[in-house]
Amino acid sequence: MRVDVEEKVLSENDKLALGLRESFRAHKVFCVNLISSPGSGKTALLERTLEALPKTARVAVLTGDIQTENDARRLARAGFPVKQITTGGTCHLDASMIIKALADWDLDAIDILFVENVGNLVCPTSYDLGEHAKIVLLSVTEGEDKPLKYPSIFAAAELCIINKIDLLPYVPFKLDQAIANARQVHPGMEVVQTSCTKLQGLDAWLGWIERRRARAMEA
Ligand SMILES: Nc1nc2c(ncn2[C@@H]2O[C@H](COP(=O)(O)OP(=O)(O)OP(=O)(O)O)[C@@H](O)[C@H]2O)c(=O)[nH]1
Ligand SMILES: [Mg+2]
């Protein structure tokens, strides 16, 4: 019975996600969905990203959390449109939440939409948001075995960002092994290493966005 209900909820989400995908296509919005454990640095990466973009860039952010507007407050400082989605307990964003949050935004004024999912390495994976790409963050304090323990998100994500590399001297994190583990789950997976405190790897990340967006717009 439980399985039946979950399947129904998921297929309902899939229908809504299909509509979102069509809407992103029609309005030429490139959308990425950032997923990671709580505290891996999704908001920090988006803060650094927004700061690095020209003020004329047409970017916007939806950020999901169970409670608080903290992340929206942090992200809004860069001056781009930001909206917090507070789920009130739900451990992931779903397509209906994205549709509701976008309702009063003009999609024609947005080229790139960043979605920061609720901090959770499991549940967000199952919910299509109509995005072009899922991106998984793994910080070096979490352990190099995480791609093997939580394979679904590493299989589904197009890009793995290994964040907090400034902490590598202080933690027993085997970087090569982490990359090998990610690629064991997802052969050929692209990996970018970043530090949001030391501003490392941001060019590689921004370059990935530009290339991936160009591909999405061609399709
Ligand atoms: N040393 C170091 N700290 C970082 C880095 N990136 C983020 N942090 C810190 O890690 C903590 C968590 O970062 P957040 O950006 O809030 O992480 P998050 O993934 O958005 O967390 P949730 O939204 O709660 O899931 C903060 O104290 C950040 O300053 C990094 O590259 N290096
Ligand atoms: Mg956050």
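Here is a friendly conversation about a predicted model.

Colleague: How should I read the numbering and the values here?

Modeller: Residues count from 1 along each chain as its sequence is written, chains are lettered from A and ligands numbered from 1 in the order in which they are written. In this predicted model local features need pLDDT of at least 70, side-chain atom pairs count only at pLDDT 80 or more, and totals for chains, interfaces and linings use all residues, while side-chain values use heavy atoms, with hydrogens and water left out.

Colleague: Thanks! How many helices and strands does the protein chain have?

Modeller: Both are DSSP runs numbered from the N terminus: helices are H or I with at least four residues, strands are E with at least two. By that reading, the protein chain has 8 helices and 7 strands.

Colleague: What is the radius of gyration of the protein chain?

Modeller: This value is taken over C-alpha atoms, and the globule rule is 2.2 Å times the number of residues to the power 0.38. For 219 residues, the rule puts a compact globule near 17 Å. The protein chain agrees with that, at 17 Å.

Colleague: Which residues are the protein donors of the magnesium ion (ligand 2)?

Modeller: Donors are N, O and S atoms within 2.8 Å of the metal (3.2 Å for Na, K and Ca); water is not among the atoms, so sites may look incomplete. The protein donors lie 2.0 to 2.1 Å from the magnesium ion (ligand 2), and their spacing in sequence is T-x27-D-x44-E. They are Thr43 (OG1), Asp71 (OD) and Glu116 (OE).

Colleague: Is Glu116 buried or exposed?

Modeller: Buried means under 20% relative accessible area, exposed over 50%, and partly exposed in between (1.4 Å probe, protein chains only). Glu116 has a relative accessible area of 3%, so Glu116 is buried.

Colleague: Where is Thr194, and what is its relative accessibility?

Modeller: Thr194 sits in the loop between β7 (190–193) and α8 (202–218). Leaving aside neighbours within four places in sequence, Thr194 has contacts (heavy atoms within 4.5 Å) with residues including Leu45, Ile161 and Gln200. Thr194 counts as buried because its relative accessibility is 0%.

Colleague: Which residues does Tyr150 touch, not counting residues up to four places away in sequence?

Modeller: Tyr150 lies in the loop between α5 (146–149) and α6 (151–156), and counts as partly exposed at 31% relative accessibility. Its C-alpha atom is 6.9 Å from that of a residue 28 residues apart along the chain. The residues touched are Leu121 and Val122.
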